[in-house]
Amino acid sequence: MNLRDFQIVRDSLSRPIEVHSIFVDVAGSVEGGYLLSQVYRWVEWAKPADGWFAWNEEHWMKETHMRDFELLRARNVLSQMVDSNGNLVWKEEIVRPHGRLFIRLDIEALHRVIVKYTREREEAE
């Protein structure tokens, strides 16, 4: 392998996709867990003031490497996730005419879901 080929491989491996296994568990699917992991990372990094952030569908697909139907399936799963207090973990709104998808991830509600899931799993063992 020549130097340029090595650089191509190195650069291609520079952005790993991280998925928290607990998110796969609480979402009930790899797609949902993967999308939840990505959004969690973005929210923790960006810390949007009002909790909402938005991208158009093309940007979502580019960032997640998911196809439109995979994103839709994952979003459907996540939009039904509620914590022990009945709060939605995942909220979304599509704003037309530009088709921007606004998402708000309630981190505290997600943490309650994780704690409840983990406690129930521990009790079952």
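Residues are numbered from 1 along each chain as its sequence is written, and side-chain values use heavy atoms, with hydrogens and water left out. Since the model is predicted, local features need pLDDT of at least 70 and side-chain atom pairs count only at pLDDT 80 or more, while totals for chains, interfaces and linings use all residues.

**Exercise 1. Confidence and overall layout**

Task: State the average pLDDT of the chain, and give its pattern of elements along the sequence.

Solution: Begin with pLDDT, the predictor's confidence in each residue, from 0 to 100. The chain averages 89, and 100% of the residues score at least 70. Among the elements, strand S1 (residues 52-56) has the lowest mean, 80, and helix H2 (residues 21-27) the highest, 97. Next, take helices (H or I, at least four residues) and strands (E, at least two) as DSSP runs numbered from the N terminus; the chain has 6 helices and 3 strands. Read along the sequence, these elements follow the pattern α-α-α-β-α-α-β-β-α. The C-alpha trace spans about 55 × 45 × 30 Å along its principal axes.

**Exercise 2. The sheet**

Solution: Two strands count as paired if DSSP finds at least two bridges between them.

In S3, Leu105 is the bridge partner of Trp90, and Phe102 is that of Glu93. S2 and S3 form a hairpin with 4 residues between them, and Gly99 in the turn has a positive phi of about 70 degrees.

**Exercise 3. The two pockets**

Task: Describe the lining of the largest pocket and that of the second largest pocket by residue class.

Solution: On a 1 Å grid over the protein atoms alone, a pocket is an open set of points where a 1.4 Å probe fits, with protein on both sides within 12 Å along at least five of seven lines, and lining residues have an atom within 4 Å of a point. Ala, Val, Leu, Ile, Met, Phe, Trp, Tyr, Cys and Pro count as nonpolar, Asp, Glu, Lys and Arg as charged, and the others, Gly among them, as polar.

The lining of the largest pocket, which includes Arg15, Glu18, Tyr34 and His65, divides into 3 nonpolar, 4 polar and 4 charged residues. Helix H3 (residues 30-46) gives the most to this lining, with 4 residues.

For the second largest pocket, the lining includes Trp42, Trp45, Phe53 and Trp55, and by class has 7 nonpolar, no polar and 1 charged residues. Its largest share, 5 residues, comes from H3.
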